[in-house]
Amino acid sequence: MIAVSSGFVPEKEKKVDADLIPDKRSYRMISKIRHVGLRVVDPKKSVDFYKGLGFKLLFCTVEKWGEKIISVVKMLSPCGVILELIEGNDWPRNHFAVEVDHINDEAVQKENEAFRVGYITDPDGHYIELVEVKREKCI
């Protein structure tokens with residue numbers, strides 16, 4: 001099954017300082033890990049590998065990330081975390097996404113009716129996707 005999605009990715013490699021997240025209490029209010037995104041060279045080989053570890057294939061999608069169209073395979077881990085296998089070497093970077101209770105307006109890089117998304121990096125440069133779910137829109 002192929003679906004088309006708008007995706008949530010910064011238009012450029014914009015690093016956002018974690019201090020833009022409102023206050024430290026809000027930043028620490030992580031309710032769950034939403035997914036882990038890994039760039040892969042050969043999606044089929046990667047799917048076979050992760051199936052061998054007990055992951056289940058959910059679906060494949062084609063997403064627009066800035067000017068590029070990329071393929072993403074979504075898999076479910078045995079413990080319930082989504083794994084995104086992303087074909088390509090550009091955006092998106094390897095990352096993990098967490099759901100937070102609030103993102104400061106200055107940190108929001110993508111937004112739609114249901115989500116507000118921002119990206120930060122940790123002290124070692126690892127990308128973290130912050131996802132604020134607009135609960136009133138997700139019924």
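The side chain of Glu99 makes a polar contact with the side chain of Arg34, at 2.7 Å. A polar contact here is a pair of N or O atoms within 3.5 Å; within protein, one must be able to donate a hydrogen and the other to accept it, and residues adjacent in sequence count only if both atoms are side-chain atoms. This is a predicted model: local features need pLDDT of at least 70, side-chain atom pairs count only at pLDDT 80 or more, and totals for chains, interfaces and linings use all residues. Residues are numbered from 1 along each chain as its sequence is written, and side-chain values use heavy atoms, with hydrogens and water left out.

Where does Glu99 lie? Glu99 belongs to strand 6, residues 95–100. Helices (H or I, at least four residues) and strands (E, at least two) are DSSP runs, numbered from the N terminus. Glu99 has 4% relative accessibility, so it counts as buried. Buried means under 20% relative accessible area, exposed over 50%, and partly exposed in between (1.4 Å probe, protein chains only). Setting aside neighbours within four places in sequence, Glu99 is in contact with Met29, Ile30, Ser31, Lys32, Arg34, Val131, Val133 and Arg135. Contact means heavy atoms within 4.5 Å.

Now turn to helix 2. The helix spans residues 43–52, and its buried residues are Pro43, Ser46, Val47 and Tyr50. They sit on the same side of helix 2, because they cover an arc of only 100 degrees around the axis. That arc is taken from the directions from the helix axis to the C-beta atoms. An α-helix has 3.6 residues a turn, so residues three or four places apart point the same way. What do the buried residues of helix 2 pack against? Their partners are strand 2 (30–40), strand 4 (68–76) and strand 5 (82–87). The face turned away from the buried side carries the exposed residues Lys44, Lys45, Phe49 and Gly52.

Look at the ends of this helix too. Asp42 caps the N-terminal end: one of its side-chain oxygens lies 3.1 Å from the backbone nitrogen of Lys44. Gly54 follows helix 2, with a positive phi near 100 degrees.

Aromatic rings come next. The whole structure holds 2 aromatic pairs. Rings of Phe, Tyr and Trp (its six-membered ring) pair if their centres lie within 6.5 Å; planes under 30 degrees apart count as stacked, over 60 as edge-to-face and the rest as tilted. The ring centres of Phe49 and Tyr50 are 5.1 Å apart and the planes stand at 90 degrees, so this pair is edge-to-face. Tyr50 also pairs edge-to-face with Phe55, at 5.2 Å centre to centre and 75 degrees between the planes. Tyr50 counts as buried at 18% relative accessibility, and Phe55 counts as buried at 17%. Phe49, by contrast, is exposed.

Charged pairs are next. The structure holds 7 salt bridges. A salt bridge is a side-chain nitrogen of Lys or Arg within 4 Å of a carboxyl oxygen of Asp or Glu. Start with Arg116 and Asp105, whose side chains meet in a salt bridge at 2.9 Å, N to O. Arg116 lies in strand 8 (residues 115–121) and Asp105 in the loop between strand 6 and strand 7 (110–111), so the pair ties together parts that are 11 residues apart in sequence. Buried or exposed? Arg116 is buried at 10% relative accessibility, while Asp105 is exposed at 57%.

Arg116 also forms a salt bridge with Glu111, with the closest N and O atoms 3.8 Å apart. Glu111 is partly exposed, at 44% relative accessibility. The side chain of Glu111 meets that of Lys134 in a further salt bridge, at 2.7 Å, N to O. Glu111 lies in strand 7 and Lys134 in the segment after strand 9 (127–133), so this pair ties together parts that are 23 residues apart in sequence. Lys134 is buried, with a relative accessible area of 17%. Shared partners join Asp105, Glu111, Arg116, Glu132 and Lys134 into one network of salt bridges.

Finally, step back to the protein chain. Its secondary structure comes to 2 helices and 9 strands. From the N terminus on, the elements run β-α-β-α-β-β-β-β-β-β-β. Of its 139 residues, 39% count as buried.
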